[in-house]
Protein chains: 2
Amino acid sequence: MAEAKRAQSSDKRQRILEGALKAFARKGFYNTKVSEIASEAGVADGTIYLYFKNKDDLLISLFEDRMEWVIERLRSELAEVEGDIFKKIHRIIELHFRLATDQADLAEFITVELRQSAKFVKEYKNQRFVDYLVIIEELVAEGQKEGVIRDDVDSRLVSRAMFGALDEVLLQLTLSKAAGMDVERMTAQVADLFVEGLKSR
Amino acid sequence: MAEAKRAQSSDKRQRILEGALKAFARKGFYNTKVSEIASEAGVADGTIYLYFKNKDDLLISLFEDRMEWVIERLRSELAEVEGDIFKKIHRIIELHFRLATDQADLAEFITVELRQSAKFVKEYKNQRFVDYLVIIEELVAEGQKEGVIRDDVDSRLVSRAMFGALDEVLLQLTLSKAAGMDVERMTAQVADLFVEGLKSR
DNA sequence: GCGGACTGAATGACGATTCATTTTTCTACG
DNA sequence: CGTAGAAAAATGAATCGTCATTCAGTCCGC
């Protein structure tokens, strides 16, 4: 019966999350009214409170939900990369940028809102985000073990730096939608920059 | 007379900006009450409106004010660097990180609030931020002209990536105050990562 | 005692959340 | 089947707290 309930629920819950994503991407968390999310999702204001404790909870749930999806995607794409570590790094960067075109709202939400609220950045531990970093970190560490990546760099630091670079470039890409930037070219350049920076000499 | 007014004013205006910086760094823009800023600055609530149009204006003014300072500082420090482009890049990174220890509030404010409001990221053009990027961009372009930096990378893209990396690492540094990270070591590693990535082969 | 700087209590708007009511879905019985 | 009645889900108007902002009054330098 929990199943039956869920079956119904999930539809509406999902619609609320989608509405929230669209609204947050457009106007930011604090400038979005709960009633706007409701109308975007095609439900009544009160309905939102049947699925989420409050507006903050909605933000966190949305972030968790989408990041989980991104991370799964990243994991599975990485798994099917044939070739060396550097190919994998290239793939991470590619996927990251691909988001900007495939899922503009999501990209905007993540880049802009990730740092949004004090709650988000400080209180809330943000495990999903850590997961993402760890994927990069492990890749670098693996390369170091193999001897193809210089081992005088801290893999943790590198993963941060790399994420930051990707995030910032993505932000730029997201906000200046019009500009017909060549995403492939960008991917190649950023990947190359890091690969050359990381290679053992 | 505008001068006389300013002379008096500047003291109070400055105190308000400082109070705002402290408060915003601690709780973020939207969670900070105007009355908190006022009490932090030791003025009455209403006084703030003698110096700033409204809360948004206060945010923008604060950002402009501090970024201008950072940029001037960066320019003058760069001017006195003897040596090649790569030394200068090292210095940018060093200054960026030095902020985290010297001016924790400012660092937190810039990293967290830079992307804060939709207003900030989208509507407001954010010239100061562009100025910062241009400094990096010109440095890279110069290196390319000299032939020491590979010219198959877009200097604009690189400046974005580099800023993103610095910003993210700084964010980390800022939020995890306790952790006795070795700032010098971090500077060296990040600088090296980019320098190796940028060098002509 | 005039004029501008300052004060802080009062105002008013706004918007998250609640909850009395309505609608839908489910259950069980003829 | 069809239907009555109960339970669950959904609604949206009303509530209630929270501030940003204002402005009538006070203070101070000249």
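## Protein surface near DNA strand C

In this predicted model, helix α3(B) gives the most to the surface near DNA strand C, with 5 residues, where near means that a heavy atom of the residue lies within 4 Å of the strand and helices are DSSP runs of H or I with at least four residues, numbered from the N terminus. At least two residues each come from α3 (45-51) of chain A and from α1 (2-27) and α3 (45-51) of chain B.

In total 18 residues surround DNA strand C, the closest being V34(A), Y49(A), K55(A), T47(B) and Y51(B). By class the surface has 6 nonpolar, 7 polar and 5 charged residues, with Asp, Glu, Lys and Arg counted as charged, Ala, Val, Leu, Ile, Met, Phe, Trp, Tyr, Cys and Pro as nonpolar, and the others, Gly among them, as polar.

## Contacts with the phosphates

Of the atoms of DNA strand C within 4 Å of the protein, 78% belong to sugar or phosphate and the rest to bases. For K12(B), a side-chain N or O atom is 3.2 Å from a phosphate oxygen of DNA strand C.

## The setting of E77(B)

E77(B) sits in helix α4 (residues 55-79) of chain B and is buried, with a relative accessible area of 10% (buried means under 20%, with a 1.4 Å probe and protein chains only). Apart from neighbours within four places in sequence, E77(B) is in contact with R91(B), L95(B) and R98(B), contact meaning heavy atoms within 4.5 Å.

## Basis of the values

Residues are numbered from 1 along each chain as its sequence is written, and chains are lettered from A and ligands numbered from 1 in the order in which they are written. Local features need pLDDT of at least 70 and side-chain atom pairs count only at pLDDT 80 or more, while totals for chains, interfaces and linings use all residues; side-chain values use heavy atoms, with hydrogens and water left out.

Note on methods:
Buried means under 20% relative accessible area, exposed over 50%, partly exposed in between (1.4 Å probe, protein chains only). A polar contact is a pair of N or O atoms within 3.5 Å; within protein, one must be able to donate a hydrogen and the other to accept it, and residues adjacent in sequence count only if both atoms are side-chain atoms.
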